[in-house]
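Visitor: I'd like a close look at one part of this model. Please keep it brisk, and take me from single residues to the wider picture.

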Amino acid sequence: TSRFGNRVGLDFEAVKGNYTELTQFDYDEYSIKPTVNWEISEKSRIRGRLGYTSRDYKSDIEPDFDGFTGRLTLVRNPEEPTTWQADIYREISTLNDDEANYALIDGVSIAPTWAIGGKTVLNLFASYEQRDFQGGGQRQDNVATGSIFADWEAINLFTLSAGVTAQDRSSNVDRFDYSDVMAELRLRAGF
């Protein structure tokens, strides 16, 4: 850590995936990623984890992966009531999907936040992802997500949140296309 709050580091992760029933899905995964947190100014910073990931399966049934993964984030606080964060990323994820052992995800997102009153905050979120499923045929999905939420701090311990999230997924496999809209109402307690 520098006197300006800048930090650099190195993350190393090792994962051993062993399945008791489906041993053809056993794998070893290694990631090495240099990390950075750079304070560009008092109001802007960049965080990043960029590196190399290798996933090797014990059997030849599933395709191995060797390549670049990471996430780069820009956070901007131009004024006290307004902030935003933008991300660009490439990750490996299981996505809880039965069709593939993992998906390679390339994505971008932006999340602005506005304090619109003493106790109310408006949160927006938009993302776009290209998902390339590995090991489940040649499936590829494009997923667009958007949401808007308002948080109101009723009293110091309780926050009421209401919002809507919409998602559209198009796939080269017809049965995986969908669009949905979800409304949520949440009550959170902090102590």
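**The sheet, strand by strand**

Guide: Start with Gly48, which counts as buried at 6% relative accessibility. A residue is called buried when that value is under 20%. Keep in mind that this is a predicted model. Gly48 has its place in strand E3, which covers residues 44-57. Compare the position of Gly118, which is 70 residues from Gly48 along the chain. The C-alpha atoms of Gly48 and Gly118 are separated by 32 Å.

Now set E3 in its surroundings. The strands form an open sheet of 10, in the order E1-E2-E3-E4-E5-E6-E7-E8-E9-E10. The pairing is antiparallel. Two strands stand at the edges: E1 (7-17) and E10 (178-189). Each of these has a single partner strand, so one side of E1 and one side of E10 are left without a neighbour in the sheet. From one strand to the next, the twist averages 15°.

Arg76 is found in strand E4 (residues 65-79). Its relative accessible area is 28%, so Arg76 is partly exposed.

Next come the charged pairs. Side chains of opposite charge can pair when their charged atoms come close. In this model the count comes to 12 salt bridges. One of them joins the side chains of Arg49 and Asp11, at 3.2 Å from N to O. Arg49 lies in strand E3 and Asp11 in strand E1, so this pair ties together parts that are 38 residues apart in sequence. Arg49 counts as partly exposed at 38% relative accessibility, and Asp11 counts as partly exposed at 30%.

Another salt bridge links Arg71 with Asp87, where the closest N and O atoms are 3.4 Å apart. Here the partners sit in E4 (Arg71) and E5 (Asp87), so the pair ties together parts that are 16 residues apart in sequence. The two ends differ in cover. Arg71 is partly exposed, at 29% relative accessibility. Asp87 is buried, with a relative accessible area of 9%.

E5 (residues 82-93) is joined to E6 (residues 102-115) by 12 bridges, and the two strands run antiparallel. Within this pairing, Glu91 stands opposite Ile105 in E6. In a regular strand the side chains alternate between the two faces of the sheet.

Asp141 is buried, at 1% relative accessibility. Arg139 is also buried, with a relative accessible area of 2%. Elsewhere, salt bridges that share partners join Lys16, Asp28 and Lys58 into one network.

Asp28 has its place in strand E2 (residues 27-39). It is buried, with a relative accessible area of 14%. Its side chain makes a polar contact of 3.0 Å with the side chain of Lys16. A further polar contact, of 2.9 Å, joins the side chains of Asp28 and Lys58.

E9 and E10 pair in the antiparallel sense over 12 bridges. A hairpin of 6 residues joins E9 to E10. In this pair, Thr159 stands opposite Arg188 in E10.

This end also carries a nonpolar patch on the surface. The patch is made of Trp152, Ile155, Leu157, Phe158, Leu160, Leu185, Leu187 and Phe191. Together these residues have about 930 Å² of accessible area. At least two patch residues come from each of strands E8 (140-155), E9 (158-171) and E10. Look at Trp152 as one member. Trp152 lies in strand E8. It is partly exposed, with a relative accessible area of 42%.

To draw this together: E10 is an edge strand, it pairs with E9, and it supplies residues to the nonpolar patch. The other edge strand is E1.

Terms used: Residues numbered from 1 in each chain as written. Predicted model: local features only at pLDDT ≥ 70, side-chain atom pairs only at ≥ 80, totals over all residues. Heavy atoms only, no water. Pairing = 2+ DSSP bridges. Helix = DSSP H or I, 4+ residues; strand = E, 2+ residues; numbered from the N terminus. Axes fitted to C-alpha atoms, helices over the stretch in contact; angles between N-to-C directions. Patch = residues over 30% accessible without salt bridge, like charges linked within 9 Å, V, L, I, M, F, W, Y side chains within 5 Å. Areas by Shrake-Rupley, 256 points an atom, 1.4 Å probe, with all protein chains shown as cover. Salt bridge = Lys/Arg side-chain N within 4 Å of Asp/Glu carboxyl O. Buried < 20%, exposed > 50% of the residue type's maximum accessible area, 1.4 Å probe, protein only. Polar contact = N/O pair within 3.5 Å; in protein donor to acceptor, adjacent residues only side chain to side chain.
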